[in-house]
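Reader: I would like a close look at a single part of this model, with the terms spelled out as you go.

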Amino acid sequence: MGRTRVIVAVVVAALVCAGAASAVDAATRSTGPTTQELTIQVSDGTKLACSIVLPGGSPPSGGWPGLLLFHGLGQTHDFMGNIATLAFAPAGFASLACDARGTGGSGGKFGLDGPKEVQDARDLFAWLTARNDVSDTHIAAFGLSLGGAAVWNAAVAGVPFKAIVPAITWTSLGSALNPNGVPKAGEVAQLAHEAPASSWDPSLAAARDDLLAGRVTAAVKSAEAARTSRSKLRSLSVPTLLLQGRHDFLFDLDQAIAAYKLLAGPKRLYLGDLGHAPAKNPQAEQLAFIAEVVGWFEHYLAGGPNLVGGGVELAHDPWNGRTSSYKSVPRTQHKSVNLPGAKGIAATGSVKRSVRLTGGPLETFGDGSVSIRYSGNSGAVKEIRAMVVVKGSSTPVTFGAARVTKRAGVLRIPLSDQAVLLPRGKRLVVTVGATTAGGVYSLVAGGSGSTSAIKIGRITLNLSLLKRAVSK
């Protein structure tokens, strides 16, 4: 969830691209931005380490339009302050960024964007609007990963932002961390590593430990529900620009697409090669989407022209400076192939089948699945996991898992929504692995083993694909 590789140095040039409208006249910004480090005490007495970045020169009548910036896990307010200095202050925005409670230099306990963090957002909004040099009515929010969820949760809780930009984040924490009821324990372990156990809110620690052990308990479900915004998005009318990664194993496309479909107000969805692993986060593309963020805020906070607009924008992969635009979520087609065979495997074994798809080029997009006919489950196998890889590549196209509760049957495994080009003529390899439950959300390297715990029969790969591939 941390290590969001947004390289802020390149955003200076974003203002060249977004130079049409500015929040204030250039004459009032004759000097460079200024940064002040400060400590803000929120309503429960917790002290947050913060910084405010102000544009150069004198504020306009009514004050600078303001931004609340929320960092990703593993980052600090300095990271967001750099973006503010390089991109937002030159465009005329005052930006406040703070270390999330329990991280960096802030006090309190880490709550993974829970109710206390929502109250922190309310308090920071009130603090910023109380300044004489900042507008008390034109405030927006921008957040990355953990910070993106902070933006969503604050907005649905009623913090009166004029515009928001949640980026590379979740709207349903349960479907992100334990899709189909199977924890992505490896990703949860990374999250736990970024925030040491001693810094976690005790009320959340039990849920963390359960997920690490591969259990989806009542404590997990309660914690996830309290940090999920999706069910409340139908009533959200604030102008929203969503940024999401097309190949992100932590927060897949569905996290943003589901939100986009629900939102009632002005909205735009940008999908690109950004976010968590295995996203490449090319610097040139960061320039493009930061320019869109600046343009979004200029229009909805400062009355500038609508240079960004609505709809869905899908960046090509690899980044070539081009994107494809759609009025709504791109249309898809489905392709289904059967992979016959029958093989007994051990309780931690796996089996591989491959196929060369005809036609093309093909590009995955949307919700696919793998269906597996199995029999002879000894009871030792508790989960079956599936991974789809282009032959010769070490990076999965997509993956999924499901619990096994019967001795025999057909198990359907939903696949993570990833947008990946399938090179023409290359074989796809589907690996199906059994596990005794828990462990990292990946396949155990193993063969049939000496003792068969389950027999894997026909495998059916169901792919969701763009009607027309855009990448090359």
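Reader: In what order do the strands of the open sheet run, and what is the pairing?

Author: The order is S1-S2-S4-S3-S5-S6-S7-S8-S9-S10, an open sheet of 10 strands with mixed pairing. Strands, like helices, are DSSP runs numbered from the N terminus (E, at least two residues, for strands; H or I, at least four, for helices), and two strands pair if DSSP finds at least two bridges between them. At the edges are strand S1 (34-41) and strand S10 (323-326), each of which pairs on one side only. On average, neighbouring strands of this sheet are turned by 20 degrees against each other, direction ignored; the axes are lines fitted to C-alpha atoms, and angles run from 0 to 180 degrees between N-to-C directions.

The model is predicted, with residues numbered from 1 along each chain as its sequence is written. Local features need pLDDT of at least 70 and side-chain atom pairs 80 or more, while totals for chains, interfaces and linings use all residues, and side-chain values use heavy atoms, without hydrogens and water. The mean pLDDT (the predictor's confidence in each residue, from 0 to 100) of the protein chain is 90, and 90% of its residues reach 70 or more. Over residues 1-28 pLDDT stays under 50, as it does over residues 438-449. Where pLDDT is low, the predicted coordinates should not be read in detail.

Within the sheet, strand S7 (residues 240-245) and strand S8 (residues 267-272) run parallel and are joined by 6 bridges. Leucine 242 stands opposite leucine 269 in S8.

The structure holds 1 disulfide, a pair of cysteine sulfur atoms within 2.5 Å. It joins cysteine 50 to cysteine 98, with S to S at 2.1 Å. Because cysteine 50 lies in strand S2 and cysteine 98 in strand S4, the pair ties together parts that are 48 residues apart in sequence. The torsion about the S-S bond is about 105 degrees, so the disulfide is right-handed. Cysteine 50 counts as buried at 1% relative accessibility, and cysteine 98 at 8%; buried means under 20% relative accessible area, exposed over 50%, and partly exposed in between, with a 1.4 Å probe and protein chains only.

Helix H3 (residues 115-129) also belongs to this picture: its buried residues, among them Val118, Leu124 and Phe125, pack against elements including S1, strand S2 (47-54) and strand S4 (94-98).

Key
Contact = heavy atoms within 4.5 Å.
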